[in-house]
Amino acid sequence: MLSVGYPSQNLARVVVWEWLNEHGRWRPYSAAVCHHIENVLKGDPRGTVVLGQVDPQLAPYIIDLQSMHQFRQDTGTMRPVQRNFYDPSSAPGKGVVWEWENDTGSWTPYDMEICVTIQNAYEKQHPWLDLTSLGFCYLIDFNSMAQTNRQSQRKRRLRRRMDLAYPLTMGSIPKSQSWPVGPSLGQPCSCQQCILVNSTRAASNAILASQRRKVYAGTNGASGTLTIVRQSNTFAGTTLWSAASSVSGSSAKPEQVQPPGALSTFPRLPPPPAPTAVSGQNNLNRPGTQRTAIVSTRGSIPPGVPALPVKNLTGSGPVHPALAGMTGILMCAAGLPVCLTRAPKPILHPPPVNKSDLKPVPGVNGIRRKMKKKQLRKGKNPEDVVRRYMEKVKVIPDEDCTICMERLATASGYDGVLGHKGVKPELVGKLGKCGHMFHFLCLVAMYSNGNKDGSLQCPTCKAIYGEKTGTQPPGKMEFHVIPHCLPGYPECKTIRIVYDIPTGIQGPEHPNPGKKFSARGFPRHCYLPDNEKGRKVLKLLIVAWDRRLIFTIGTSNTTGESDTVVWNEIHHKTEFGSNLTGHGYPDPNYLDNVLTELSAQGVTEESLKD
């Protein structure tokens, strides 16, 4: 039987190289980049791939085939990469790329797993595809070539295009590589980028050779238990490298390991007993795998070891991340000990505040809003709602209806799907505020698939007609002023918002009615400056809360959990005293950005006058 990701002998497979993003999703490189990586791999399995040689947009990035990591040279950021295999008859083997249109109007390719699934359904002529089984609450409609979010009912266009087919490989994968390795094959490139890479590698190999000498130089006199962890090379955290020796037969060589949580890179270890043999797997195809064995050891941090901040997410520390990493490598290669510090921790909450110090927000009535469980407001007949915002068009332009993708001069793509008597499928109208034109039946179908709250949103420009409401579950919103200042706002105090939503049962407006939903991380604390613009944002957030627009039920981008309460496209600042995660202060553009996001949901200053 063929195991996933490992082609058997003399079996053709398509190779796709992928990198791991911050959300835990494997994102594919383009076919051209994958061909470039494979060519380097054939010439030197231990080599380094300079991605800028094939794609100028990837100029800062290199891939180290030994550690299976992508390294960004200007920031020091490292991400795992993997070499995955697919059937030659699948989408990557045919050069088929499926993409969705993002908010900037450009096209983003789907993950390769999703792309393959979409192509399979397309080839079988399925009218639609539900991506719920893959962890995404999206519905793909092949007739309209659109992706619909099942929670928000937001639609995005998608397209299928032909590109270069991904590289094909035959036979078994190369034998297992280990880190460090011997010298590279062939003549090195003389460009500045490759000179930096090769000098870094030489220093790294010197470090690991020093490590190995210290492993075998140990003697009796140390005791204790340590779990050895072999993992991919990374600058982030406390581990800079692992001296992973390849394992074969019935015995294995001892390996130097960084103890979890320890900061010293060079503890002297006694010779450990031989661990139990583990069948080796090629690290080209299993990046970041962890194998454990128990040995006896005891390590300590030597006194007077200099500290280098290797990872600083804001890039504003005393030492640049990339420079700190390079400096640490070179110091170790010279025989100097170095201590690698952990990433700084975000300051999520302010100092403790007494209840007597909590004050109402000036100009805002009350200190809390509660939303009880209630049924969706039933709107009027769908045709009546659409007619309220639509004007008939006498002269029909030679354009496509962006809902069904049929010509406006022809019948709606929903003709025969919706049984609305007395409505001609050729009827075309334009929305009064923005002037965009659609088939009448298409707008009726779009409205029927939404909240049916009496509001309508143009699928082209997102203009809102009526009062848009969401699917936020019941909960409580509190707000008050605390006597502390946010970074960037030293002249004013802080507005703290506390959202609290309990777990419950999904209603008819949610993805899985009758099923329980979770509510992780509540109560959630958010922060605004207590100035004129901050109070304005708070008032609009209260309106958005009342309209059930702050949260929704869907799939978490962070954990991948489905049927859970998630944010609904209105960003909040949840980090009080720092901005390491991007959700804190200082951020001089945040208040303007959140006002724009509120406006996109139909929450504007006009809403405060109602």
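1. The protein chain has ten helices and 30 strands. Helices (H or I, at least four residues) and strands (E, at least two) are DSSP runs, numbered from the N terminus. This is a predicted model, in which local features need pLDDT of at least 70 and side-chain atom pairs count only at pLDDT 80 or more, while totals for chains, interfaces and linings use all residues. Residues are numbered from 1 along each chain as its sequence is written, and side-chain values use heavy atoms, with hydrogens and water left out.

2. On confidence: the pLDDT averages 75 over the protein chain, and 67% of the residues score at least 70. Here pLDDT is the predictor's confidence in each residue, from 0 to 100. Residues 174-188 have a pLDDT below 50; beyond near neighbours in sequence, this stretch has 37 contacts in the model. Residues 304-318 also fall below 50, and that stretch has 36 contacts beyond near neighbours in sequence. A contact means heavy atoms within 4.5 Å.

3. On the chain as a whole: of its 610 residues, 46% are buried. Buried means under 20% relative accessible area, exposed means over 50%, and partly exposed lies in between (1.4 Å probe, protein chains only). The accessible surface of the protein chain is about 30400 Å², and carbon and sulfur atoms hold 53% of that area. These areas come from the Shrake-Rupley method with a 1.4 Å probe; for residues, only the protein chains shown count as cover. Among contacts between residues at least 6 apart in sequence, 66% join residues at least 24 apart.

4. Three bridges link β20 (residues 428-431) to β21 in the antiparallel sense; two strands pair if DSSP finds at least two bridges between them. Lys430 has Met437 of β21 as its bridge partner.

5. Helix α9 (residues 590-600) has Tyr590, Leu591, Val594, Leu595 and Leu598 as buried residues. Seen down the axis of α9, these buried residues fall within an arc of 135°, so they line one face of the helix. The arc is that of the directions from the helix axis to the C-beta atoms. Elements covering the buried residues of α9 include β28 (524-529) and α8 (532-546). Just after α9, Gly602 has a positive phi of about 85°.

6. Glu99 is worth a look on screen. Glu99 sits in strand β7 (residues 96-101). Glu99 counts as buried because its relative accessibility is 4%. Leaving aside residues up to four places away in sequence, Glu99 touches Trp107, Thr108, Pro109, Tyr110, Arg157, Leu158, Arg159 and Arg161. Of these, Leu158 is 59 residues away from Glu99 in sequence, with a C-alpha to C-alpha separation of 5.5 Å.

7. On backbone geometry: most residues other than glycine have a negative phi, and most peptide bonds are trans. The peptide bond from Phe522 to Pro523 is cis, with omega near 0°; Pro523 lies in the loop between β27 (516-517) and β28. Another cis peptide bond joins Tyr585 and Pro586, with omega about 5°. Pro586 belongs to the loop between β30 (564-567) and α9.

8. Two methionines have positive phi values. For Met68, phi is near 55°, and this residue lies in the loop between β4 (61-64) and β5 (69-72). Met68 is buried, at a relative accessible area of 0%. Met405 has a phi of about 65° and lies in the loop between β19 and β20. Met405 is partly exposed, at a relative accessible area of 32%.
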